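Subject: Structure handover

Hello,

Here is the structure I said I would pass on.

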Amino acid sequence: MAEAAAGKKVIVKVKRQATPKEAAHWEEFALNWRPSMNVIICLRDIAENPVTSDGKPTTPITYDSNCLEEICGSCAMLINGRARMACSALVDSLEQPIRIEPLTKFPVVRDLSVDRQFMFESLKRVKAWIPIDGTYDLGEGPRMSPEVQEKGYPLSNCITCGNCLEVCPQVNDHNGFMGAAIFSQVRLFNMHPTGKMHAAERLKAAMGHGGIEDCANAQNCVKACPKGIPLTESLAEVNREAWRQALFGWLVG
Ligand code: FES
């Protein structure tokens, strides 16, 4: 802690917005540097002592976080203009002042907290789950080949952070494109031996409003994904499956 004691500072600028309707404004904070500090630690330090760098008392910053290890997906925000997870954004790797803003593709609830409901509604639209009747013992599930497991595992790492929607020019108020994460889940559940039973329904939803046809192949999504999910591959595959179904009415598999 010698360097902290030596007075090394971290300068952080946060875009604040008290309510969804209120205008946003920026506040700057000068925090004491500590080793291995990440952006969540900065926000916690501000909560402990909510005073701006020019000495004005303010309120703690509202933000979402939970797991602190890039698993829950809740802490996505814009950090120095880039959509990323606050819990894995290390201060020492960031240029200062560190600018922290809420994601722009979702309505702001307050400060850095946004309402991701659009994404969860989209997952519901494409039935991104495997329906299991839990009222009686179904026995063992079908076996999955190692090839399918290998393909599916990276897709199952999606943390629904919304970064891929944030960077996609097609996710806007005009076309309602659901975003790469959603189609990647369609691919995941359609390749599952039980999930396949509802593949046609998922593809139908993927061809509806805001569906796969609205993808303009910008390929920003795959670069922004914190879990390295092959999103462009998923988009291409779902597009192929959707066309196959539209033209020939084939069920996948
Ligand atoms: S707190 Fe869960 S992903 Fe960052």
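The notes below go from the overall layout to single residues.

The model is predicted, not experimental. The protein has 253 residues, and 42% of them are buried. Its C-alpha trace spans about 65 × 40 × 35 Å along the principal axes. The secondary structure consists of 9 helices and 7 strands.

Core

The largest nonpolar core holds 64 residues, and Val10, Val39 and Ile100 have the most contacts inside it. Helix H6 (residues 180-191) gives the largest share, with 8 residues. Domain 1 (2-114) and domain 2 (117-135 + 142-248) both contribute residues, so the core lies between them. As general background, nonpolar side chains in soluble globular proteins tend to be buried together.

Strands

Strand S5 (residues 98-101) pairs with strand S1 (residues 9-16) in the parallel sense, over 3 bridges. Val12 stands opposite Ile98 of S5. S5 also pairs with strand S3 (residues 76-79), in the antiparallel sense and over 2 bridges. Here the bridge partner of Leu78 is Glu101 in S5. Glu101 is also 9.2 Å from Trp26, C-alpha to C-alpha, although the two are 75 residues apart in sequence. Trp26 belongs to strand S2 (residues 25-32). With a relative accessible area of 39%, Trp26 is partly exposed.

Aromatic rings

A search of the whole structure gives 1 aromatic pair. The ring centres of Phe177 and Phe183 are 5.5 Å apart and their planes meet at 20 degrees, so this pair is stacked. The cut-off behind that label is an angle under 30 degrees. Both residues are buried: Phe177 has a relative accessible area of 2%, and Phe183 has 0%. Elsewhere, Lys8 lies over the face of Trp33, at 4.3 Å from the ring centre.

Cysteines

How many disulfides are there? The count is 0, where a disulfide requires two cysteine sulfur atoms within 2.5 Å. For Cys164, the closest cysteine sulfur is that of Cys161, at 6.4 Å, which is too far for a bond. For Cys221, the closest is the sulfur of Cys164, also at 6.4 Å and again too far. Cys164 is buried at 7% relative accessibility, and Cys221 is buried at 8%.

Backbone

Some backbone geometry should be kept in mind when you set up the file. Gln96 and Pro97 are joined by a cis peptide bond, with omega about 0 degrees. Pro97 is in the loop between strand S4 (82-85) and S5.

Asp111 is a residue other than glycine with a positive phi, near 50 degrees. Its loop runs between strand S6 (108-110) and strand S7 (113-114). Asp111 counts as buried, at 1% relative accessibility.

Lys127 likewise has a positive phi near 50 degrees without being a glycine. Lys127 is in the loop between helix H3 (117-125) and helix H4 (146-156). At 29% relative accessibility, Lys127 counts as partly exposed.

Regards

Key. Residues numbered from 1 in each chain as written. Predicted model: local features only at pLDDT ≥ 70, side-chain atom pairs only at ≥ 80, totals over all residues. Heavy atoms only, no water. Phe/Tyr/Trp six-rings, centres within 6.5 Å; stacked < 30°, edge-to-face > 60°. Buried < 20%, exposed > 50% of the residue type's maximum accessible area, 1.4 Å probe, protein only. Lys NZ or Arg CZ within 6 Å of the ring centre and 35° of its normal. Pairing = 2+ DSSP bridges. Helix = DSSP H or I, 4+ residues; strand = E, 2+ residues; numbered from the N terminus. Core = buried A, V, L, I, M, F, W, Y, C linked by side-chain atoms within 4.5 Å. Domains from an automatic or database assignment.
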